[in-house]
Amino acid sequence: QDWEQRQEEDTLLIERILLLVRNVLHVPPDPTEEQGVDGDASVHDRVLWALHISGMDDLLKFLASAQVEQQWALHVLEIISLMFRDQSPEELAALGQGTAGAEHGEDTRELETLRQRELAEKRARALQRTSRHSRFGGSYVLQGVKSIGDRDVAFHKGLHNLKSYTHDLGKEPRRLPRRRQA
């Protein structure tokens, strides 16, 4: 709802939810209670993942960036600072750059090798085919159809033209003068 349409109860509910999230994130870690395997997510990390899955992080981003929701800015700022409680700025910067930079470099090299291979294949295909197109479709012998002599007809067109074959194919029709035409 827009802030003009909110009732006093809605405003109190939003504030209570933000305070609840802040208090849940404010619980200090207990290393004796969290006896997980190295690299396993801590309770704090699992809470952050649950907030992400529920979409609460998007709501917090909206509350932090919306001009009309400035009354919640300090609550949101406190929640965000608690989200990054166990992280140092150097670790966060290295985390974002290190793996992404290495993966980006590896992807770039892989794409470059694929591109070089594709260009080599294209050059090889271009060398294999000639630049001129041969219109020669082949010659066929029509058995059972006699030509002028006793031989079978030699057909020099494509097979798709075979149905329209006549002995007059390729001959100029005899032209009658106009006055003798019917």
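Q: What handedness does the crossing of H3 and H4 have?
A: H3 passes H4 in a left-handed crossing, meaning that the near helix is turned anticlockwise from the far one by less than a right angle. Helices here are DSSP runs (H or I, at least four residues), numbered from the N terminus.

Q: What kind of model is this, and how are residues numbered?
A: This is a predicted model, where local features need pLDDT of at least 70, side-chain atom pairs count only at pLDDT 80 or more, and totals for chains, interfaces and linings use all residues. Residues are numbered from 1 along each chain as its sequence is written, and side-chain values use heavy atoms, with hydrogens and water left out.

Q: Back to the helices. At what angle do H3 and H4 cross?
A: The axes of H3 (residues 56-65) and H4 (residues 73-83) cross at roughly 135° and come within 10 Å. Axes are lines fitted to C-alpha atoms, for helices over the stretch in contact, and angles run from 0 to 180 degrees between N-to-C directions.

Q: What is that orientation called?
A: H3 and H4 are oblique to each other. Under 35 degrees counts as roughly parallel, over 145 as roughly antiparallel, 65 to 115 as roughly perpendicular, and the rest as oblique.

Q: Which residues make the contact?
A: H3 contributes Leu 60, Leu 63 and Ala 64, and H4 contributes Val 76, Ile 79 and Met 83. Contact means heavy atoms within 4.5 Å.

Q: Which residue does Glu 78 pair with?
A: Glu 78 meets Arg 22 in a salt bridge, 3.5 Å from N to O. Glu 78 is in H4 and Arg 22 in H1 (residues 8-26), 56 residues apart, so the pair links distant parts of the chain.

Q: Is Glu 78 buried, exposed or in between?
A: Glu 78 is partly exposed, at 31% relative accessible area. Buried means under 20%, exposed over 50%, and partly exposed in between (1.4 Å probe, protein chains only).

Q: What about Asp 58, which residue does it meet?
A: Asp 58 meets Lys 61 in a salt bridge at 3.4 Å, N to O. They are three residues apart in H3, so about one helical turn separates them.

Methods: Helices (H or I, at least four residues) and strands (E, at least two) are DSSP runs, numbered from the N terminus. A salt bridge is a side-chain nitrogen of Lys or Arg within 4 Å of a carboxyl oxygen of Asp or Glu.
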